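Please find below a note on the chain under review. It is arranged as numbered points, from the overall fold to single residues.

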Amino acid sequence: MAMGDEGVARLVANLPPRACQLRLADQRITPTGVEAIAAALRAPGCAVTAVDLSRNRLGDAGTEALADALGGGAPTTSLSLQDNAIGTSGLAALAAALASGSAITALDLGNSLLDGRRHNRFRGATIAPLLEALPSSSVVELCLRGCGLDQGSETCLVAALATAG
């Protein structure tokens, strides 16, 4: 049974003061629940090192809230957003967080759909800001499995890797 937004809010309100991981895949979390997670990540003394929100309902609003927390100094180094519908503004917010010095070293966007539409995969102009942020970020592991990158995306990724190298 999924805990949903209310359960997530109760959980993050009681996080331990020691390093921990939030593995919350398949919990029917919407942007409302992500707001609670983001607030916990921004809290002084937060020690959450990994966040897994795979197969939830984040959308742009949830992704933007999470990116805001990550760009604001959260200690999180691993972020998995597999199988979520993330739009252009959500990807741009993640890019801004990465470029602003977030601690993220591993980012998994595998099988995510642009705006949640079945055949609408990440394309060059859509994912370019995220890929362009890579060289100035701490990311050393990026998963884009199943995202259906087109030639423009691949070109952008190669350029980002060359710049980082």
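1. Basis. This is a predicted model, in which local features need pLDDT of at least 70 and side-chain atom pairs count only at pLDDT 80 or more, while totals for chains, interfaces and linings use all residues. Residues are numbered from 1 along each chain as its sequence is written, and side-chain values use heavy atoms, with hydrogens and water left out.

2. Secondary structure. The chain contains 6 helices and 7 strands. Helices (H or I, at least four residues) and strands (E, at least two) are DSSP runs, numbered from the N terminus. Their order along the sequence is α-β-α-β-α-β-β-α-β-β-α-β-α.

3. Overall dimensions. The radius of gyration, taken over C-alpha atoms, is 15 Å. The globule rule (2.2 Å times the number of residues to the power 0.38) gives a value close to this, 15 Å for 165 residues, so the chain is as compact as a globular protein of that length. Along the principal axes, the C-alpha atoms fill a box of roughly 45 × 35 × 20 Å.

4. Of the 165 residues, 47% count as buried; the classes used here are buried (under 20% relative accessible area), exposed (over 50%) and partly exposed (in between), with a 1.4 Å probe and protein chains only. Contact means heavy atoms within 4.5 Å. Among contacts with a separation of 6 or more, 81% join residues 24 or more positions apart.

5. Helices α1 and α2. The axes of α1 (residues 4–12) and α2 (residues 31–42) come within 8 Å and cross at roughly 10°. The pair is therefore roughly parallel. Axes are lines fitted to C-alpha atoms, for helices over the stretch in contact, and angles run from 0 to 180 degrees between N-to-C directions; angles under 35 degrees count as roughly parallel, over 145 as roughly antiparallel, 65 to 115 as roughly perpendicular and the rest as oblique. On the α1 side the contact involves D5, V8, A9 and V12, and on the α2 side T32, G33, A36, I37 and A40. These residues divide into 6 nonpolar, 2 polar and 1 charged, where Ala, Val, Leu, Ile, Met, Phe, Trp, Tyr, Cys and Pro count as nonpolar, Asp, Glu, Lys and Arg as charged, and the others, Gly among them, as polar.

6. Helices α2 and α3. Here the axes are 8 Å apart and the angle is about 0°, so α2 and α3 are roughly parallel to each other. From α2, the residues P31, V34, E35, I37, A38, L41 and R42 meet A61, G62, A65, L66, D68, A69 and L70 of α3. By class, this contact has 10 nonpolar, 1 polar and 3 charged residues.

7. Helices α3 and α4. The axes of α3 (residues 59–71) and α4 (residues 88–99) come within 8 Å, crossing at roughly 5°; α3 is therefore roughly parallel to α4. D60, T63, E64, A67 and G71 of α3 make the contact with T88, S89, G90, A93, L94 and A97 of α4. The residues of this contact are 4 nonpolar, 5 polar and 2 charged.

8. T63. This residue lies in helix α3 and is buried, with a relative accessible area of 1%. Apart from neighbours within four places in sequence, T63 is in contact with L58, L81, I86, G90 and L94.

9. Cysteines. With a disulfide taken as a pair of cysteine sulfur atoms within 2.5 Å, the count comes to 0. C20 is in no disulfide, and the nearest cysteine sulfur, that of C46, is 6.9 Å away. C46 is likewise in no disulfide. C20 is buried at a relative accessible area of 15%, and C46 is buried at 17%.

10. Loop residues. P44, in the loop between α2 and β2 (48–52), is exposed, with a relative accessible area of 83%. The C-alpha atoms of P44 and G73 are separated by 9.8 Å, with the two residues 29 apart along the chain.

11. Positive phi values. D26, in the loop between β1 (20–23) and α2, has phi near 55°, a positive value in a residue other than glycine. D26 counts as partly exposed at 42% relative accessibility. N111, in the loop between β5 (106–108) and β6 (113–114), has a positive phi near 60° and counts as partly exposed at 29% relative accessibility.
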